[in-house]
Amino acid sequence: MKLINKSHVAKKMPVRLAVNTICKGLFFLATLIGLIVLAILFYRIFTQGIGHLNGDFLQNFASRKPEEAGIKAALIGSIWLMAVVAPVSLMLGVGTAIYLEEYARKNWITTFIKVNISNLAGVPSIVFGLLGLTVFVRALALDRSVLAAGLTMSLLVLPVIIVASQEAIRAVPRDLREASFGMGATKWQTIRKVVLPAAIPGILTGGILALSRAIGETAPLVVVGIPLFIAFLPQTVLDTFTVLPMQIYNWTSRPQEEFQQVAAAGIIVLLILLIFMNSIAVLIRNKFQKRY
């Protein structure tokens with residue numbers, strides 16, 4: 001009994017190889033277009049902004065004169081913002097994912113909650129800005145402070161962190177849990193000693209991507225009322241502040257050509273900050289991947 005018709009395979013093979021070659025070329029072309037656009041963007045930003053990137057630019061406050069304009073207040077403000085967003089969003093996000101995956105009963109209520117969390121990840125950021133304005137700025141009277149903006153941005157990235165953490169926890173092999181239970185460990189001991197260490201690479205990946213989105217968002221902060229121009233540093237989480245995207249937006253809206261170059265220098269600083277954040281995540285992820 002012939003299982004393979006060689007003549008039929010030989011007849012179809014040239015067509016299959018041609019389709020494979022065409023698809024490979026299309027995929028390569030799509031990748032190449034993205035890389036070319038990214039290279040052009042980087043070239044334009046660096047050629048415009050590298051001349052303004054110096055010590056004075058990092059140490060000076062914003063100014064109406066482009067040659068004296070600096071990014072100190074916005075840079076420190078972004079660090080303050082991340083100091084609020086990172087612990088709040090990660091603790092709430094990972095805690096919610098642990099409960100939904102490990103403790104919650106598998107019924108329609110849990111499914112309904114998971115579906116709505118996934119839907120929240122696609123809600124426009126300006127909606128979270130309106131929520132932050134209503135709840136944190138007005139109802140809780142936090143005004144335009146670091147805390148109000150940080151809680152607003154935490155709401156923005158929370159669904160992304162929850163979904164990423166759920167997927168990472170779900171990917172941990174069931175055998176590891178059963179082995180832990182077999183050794184007499186409790187539910188929490190199994191989660192803390194087995195599940196979380198194995199899921200940390202995936203959790204960190206989703207967390208850092210979410211925080212990278214938070215540090216580059218502008219719309220929610222505009223709605224909350226974060227100022228475009230300040231010449232002082234926040235001392236507590238209740239102080240007014242500004243951030244890098246707001247400062248860059250302010251410079252790009254100016255008609256002077258010099259401010260466009262200053263904005264490009266600000267974008268370079270923001271890119272360096274993002275690369276630094278992602279590098280930390282990669283180092284931690286690699287450390288745990290060697291263990292598990």
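Reply: Let's start with Arg-170, which is partly exposed because its relative accessible area is 42%; buried here means under 20%, exposed over 50% and partly exposed in between, with a 1.4 Å probe and protein chains only. Before going further, some ground rules: this is a predicted model, where local features need pLDDT of at least 70 and side-chain atom pairs count only at pLDDT 80 or more, while totals for chains, interfaces and linings use all residues. Residues are numbered from 1 along each chain as its sequence is written, and side-chain values use heavy atoms, with hydrogens and water left out.

Now the partners. Side chains of opposite charge can pair when their charged atoms come close. Arg-170 forms a salt bridge with Glu-101, with 2.7 Å between the closest N and O atoms; the term means a side-chain nitrogen of Lys or Arg within 4 Å of a carboxyl oxygen of Asp or Glu. That pair ties together distant parts of the chain, since Arg-170 sits in helix 6 (residues 146-170) and Glu-101 in helix 3 (residues 72-103), 69 residues apart. Helices are DSSP runs of H or I with at least four residues, and strands are runs of E with at least two, numbered from the N terminus. Glu-101 itself counts as buried, because its relative accessibility is 13%.

Arg-170 also forms a salt bridge with Glu-167, and here the closest N and O atoms are 2.8 Å apart. These two are 3 residues apart in helix 6, so about one helical turn separates Arg-170 and Glu-167. At 45% relative accessibility, Glu-167 counts as partly exposed.

For another pair, look at Arg-213 and Glu-217, which form a salt bridge with their closest N and O atoms 3.3 Å apart. Arg-213 is partly exposed because its relative accessibility is 27%, whereas Glu-217 is buried, with a relative accessible area of 15%. Back at your spot, salt bridges with shared partners join Glu-101, Lys-114, Glu-167 and Arg-170 into one network. Searching the whole structure turns up 6 salt bridges.
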